[in-house]
Every structure is written in C-alpha cells, then in structure tokens.
Amino acid sequence: MVCMVIGLDGATWNNLGPWIRSGYLPTFKRILSEGVHGSLQSTIPSITQVALATFITGKNPGKTGIYASTKADGSVINFNDIKEEPFWNLMGHKKSCIVNLRMTYPPKKLNGVLISGDLLTPSEDSNYTYPKKLKKEVKGFHSNNRTLLTLSSGAKANKKHIFDLLVATTKFRYQIFKNLVMNDHYDFSIFWISQTDYL
C-alpha cells in the first residue's frame with residue numbers, strides 16, 4: 001500500500017469546497033472521492049513551526065518542545081529543535097519521499113529522500129537535501145525563495161508577476177516530486193505546496 005499526503009499551505013475548505021463542487025478542481029474531486037480528507041484542529045498557538053512540529057511527530061507541543069516560531073535567543077526554530085522523531089522514521093523499513101515540507105531544514109537522515117521546505121531553507125546554496133547528492137538532481141528547487149518573499153511583501157508588487165512566478169515554481173517543484181516518485185518506490189510521500197500560502 002502506498003500513502004501520499006498533499007499539503008496545500010494556507011488553503012482552506014472554505015475556498016476549496018465551493019471550487020470543487022463547481023467543477024473547477026476535477027482532480028481534487030477525484031482525490032477526495034477516492035481518498036481521505038477532513039478538517040483538522042490546529043495547535044495552540046496555530047503558527048507554522050508549532051503546528052508542523054505536531055504534524056511531523058504526531059505529538060502535542062508539550063512533547064515536541066516547540067511553542068513559538070523563535071527560541072529565547074531570537075533564532076528561528078528549525079528541524080533540529082524538534083525533540084521527537086518524525087513519524088516517517090517510525091515506519092520501520094518503509095521508504096519515504098518528503099518534498100518541500102516546511103520545518104524540515106536542515107534535513108535529517110531518513111530511509112528515503114528529503115528536500116527541505118522553503119520557509120527555513122536559507123538559499124539554493126545551502127545543503128537542503130537528504131542525501132546530499134540529491135541536490136544535483138533537483139538543482140534550482142529553492143532558487144525563487146527570496147524573490148517570492150521580497151515580491152509578496154511589497155505593497156506595490158506586480159500581482160500578475162507574483163502569480164506567474166508562484167505557478168511556475170509550483171509546476172517546477174511538482175515535476176521534481178513526480179520524477180522522484182516515478183523513478184523509485186516509496187511507501188509514503190509528501191508533496192507540500194507552499195505557494196498557496198504566499199497567494
């Protein structure tokens with residue numbers, strides 16, 4: 001059995017539901033009818049680092065040790081700060097493919113492959129894959145990180161330009177994910193789409 005998680009960061013059923021019912025998202029309609037979905041209750045506080053540490057481990061903030069986006073010294077919380085094991089490391093011999101999941105930088109060893117998420121990955125020059133040699137295969141994955149952050153935070157930003165860049169980045173990353181899962185067997189995979197959050 002193969003399990004795949006598709007994460008649409010920042011997307012809500014308030015938007016997706018009507019679009020699916022109206023026929024705008026036929027692939028999602030098929031996924032929902034053949035898979036499992038639902039609304040999840042978030043952590044308190046419901047901020048990225050806290051919520052994703054819980055998602056990654058299945059444990060509440062009291063167990064993960066993550067209560068905020070920054071540590072007492074002001075540095076940003078990252079994957080190394082999570083006290084508990086990621087759930088994919090608890091699946092025995094099962095092989096995983098984790099792509100762009102936020103809170104996975106710096107990448108850690110796992111049975112499979114990992115491309116860290118764009119929220120914490122400093123740049124295309126950083127070591128953002130496990131194994132390290134995978135970076136050659138996925139070159140350019142994080143090349144738009146800073147551009148997107150800069151453009152989306154600008155009050156007078158060209159919205160069409162931002163939208164086109166978000167779409168192009170999503171397609172590029174999806175192709176990398178697709179190549180990974182088509183060229184090897186993974187029992188479990190995650191493809192996290194962060195561009196919906198920027199949107």
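Two strands count as paired if DSSP finds at least two bridges between them, and the strands themselves (E, at least two residues), like helices (H or I, at least four), are DSSP runs numbered from the N terminus. This is a predicted model, in which local features need pLDDT of at least 70 and side-chain atom pairs count only at pLDDT 80 or more, while totals for chains, interfaces and linings use all residues. Residues are numbered from 1 along each chain as its sequence is written, and side-chain values use heavy atoms, with hydrogens and water left out.

Start at β5 and look at its neighbours. Ser96 stands opposite Phe188 in β5, and four bridges join the parallel strands β2 (residues 96-99) and β5. Strand β1 (residues 3-8) also pairs with β5 in the parallel sense, over six bridges; here Val5 has Ile190 as its bridge partner.

Why is β5 largely enclosed by the rest of the structure? Six of the six residues in this strand (188-193) are buried, meaning under 20% relative accessible area with a 1.4 Å probe, protein chains only. In a regular strand, side chains alternate between the two faces of the sheet. Both faces of β5 are covered, with Phe188, Ile190 and Trp192 buried on one side and Ser189, Phe191 and Ile193 on the other.

Now turn to the nonpolar cores, which are sets of buried Ala, Val, Leu, Ile, Met, Phe, Trp, Tyr and Cys residues joined through side-chain atoms within 4.5 Å. The largest has 33 residues, and those with the most contacts inside it include Trp88, Ile98 and Leu180. Its largest share, five residues, comes from β5. Apart from this core lies another of five residues, among them Ile162 and Tyr198.

Methods
Buried < 20%, exposed > 50% of the residue type's maximum accessible area, 1.4 Å probe, protein only.
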